[in-house]
Amino acid sequence: AEAEDFSAVADLMAVIDAVVGDAPAILVGCSMGGRIAIDAALRHSSRIRALVLITPGVSGAPDPVYPPRIGELMAEQRAAVEAGALERINAIAARLWLDGPLADEGRIQGPVRELFLDMNGIALRSPPFGTNRDAEPAFQRLHEIAVPTLVIQGNLDFPHIQERSRHAAAAMPHAVHRELPGAAHLPSLEQPAQIAGAITEFVSRA
């Protein structure tokens, strides 16, 4: 494959067109997937019926300010990237995104950690893939999203992501917020039954 610029929203809408045609869709997205879902809801409001946003990214959100301990971990990650130490980069990523940056390192073990390291390792070894052309900021436009929305966030995630999730839920007129105790940035890996139950309950109401 060769690197080329792309639009994540256009790719998503092409998938929706192929799967459901003109019918409105319910989008479920975690992290960057949440950011793409938000961008799609702003650009194609008639095509989106509801949103489930799990620890979502939001384009145009303020840059994070890290507390000292997290700042140290981010500096370690930058040093590992500069050294090209892929295994170390992967280990730090698991520490930050799976365990939670302020939780105990190695909090999550077993098949879930192995799965994270395997999937993230594939991403780290992949060649560059170009630039996402979806550059229009959404942070100041969240109030325009009027569809029913569920925002889920773990209480062990990055502090700025927790705050961003709460802000998104407050800004959207028909959003509800749910915090998951004992979960970090990837609650669908950590607590799949709870996430599935929350989505099922929300969809039945939406």
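Tutor: We will take a helix, a helix pair, some salt bridges and a few separate residues. Keep in mind that this is a predicted model.

Student: Which residues in α6 are buried?

Tutor: A residue counts as buried when its relative accessible area is under 20%. In α6 the buried residues are His-160, Ile-161, Gln-162, Arg-164, Ser-165, Ala-168 and Ala-169.

Student: Now two helices together. At what angle do α1 and α2 pack?

Tutor: For a helix pair, read the angle and the distance between the axes. Helix α1 (residues 8-20) and helix α2 (residues 32-43) pack at about 75°, and their axes are 9 Å apart. Angles from 65 to 115 degrees count as roughly perpendicular, and α1 and α2 are therefore roughly perpendicular to each other.

Student: Which residues meet where α1 and α2 pack?

Tutor: From α1 come Ala-8, Val-9, Leu-12 and Met-13, and from α2 come Ile-36, Asp-39, Ala-40 and Arg-43. The residues of this contact divide into six nonpolar, no polar and two charged.

Student: How many salt bridges does the structure hold?

Tutor: Side chains of opposite charge can pair when their charged atoms come close. This structure holds 11 salt bridges. One of them joins Glu-72 to Arg-69, with the closest N and O atoms 3.0 Å apart.

Student: Where do Glu-72 and Arg-69 lie?

Tutor: Both are in helix α3 (residues 68-83); because they are three residues apart there, about one helical turn separates them. Glu-72 is partly exposed, at 43% relative accessible area, and Arg-69 is partly exposed as well, at 36%.

Student: Which residue forms a salt bridge with Arg-107?

Tutor: The partner is Glu-190, and the closest N and O atoms are 3.0 Å apart. Arg-107 lies in the loop between α4 and α5 (111-125) and Glu-190 in helix α7 (residues 187-190), so this pair ties together parts that are 83 residues apart in sequence. Arg-107 is partly exposed, with a relative accessible area of 29%, whereas Glu-190 is buried, at 17%.

Student: Last, sequence and space. How far apart are the C-alpha atoms of Phe-6 and Phe-129?

Tutor: Phe-6 and Phe-129 are 123 residues apart along the chain, and their C-alpha atoms are separated by 8.8 Å. Phe-6 is found in the segment before α1. Beyond its neighbours within four places in sequence, the contacts of Phe-6 include Phe-129, Gly-130 and Thr-131. For another pair, Val-65 and Leu-189 are 124 residues apart in sequence and 26 Å apart in space, C-alpha to C-alpha.

Key:
Residues numbered from 1 in each chain as written. Predicted model: local features only at pLDDT ≥ 70, side-chain atom pairs only at ≥ 80, totals over all residues. Heavy atoms only, no water. Buried < 20%, exposed > 50% of the residue type's maximum accessible area, 1.4 Å probe, protein only. Helix = DSSP H or I, 4+ residues; strand = E, 2+ residues; numbered from the N terminus. Axes fitted to C-alpha atoms, helices over the stretch in contact; angles between N-to-C directions. Parallel < 35°, antiparallel > 145°, perpendicular 65-115°, else oblique. Contact = heavy atoms within 4.5 Å. Nonpolar A, V, L, I, M, F, W, Y, C, P; charged D, E, K, R; others polar. Salt bridge = Lys/Arg side-chain N within 4 Å of Asp/Glu carboxyl O.
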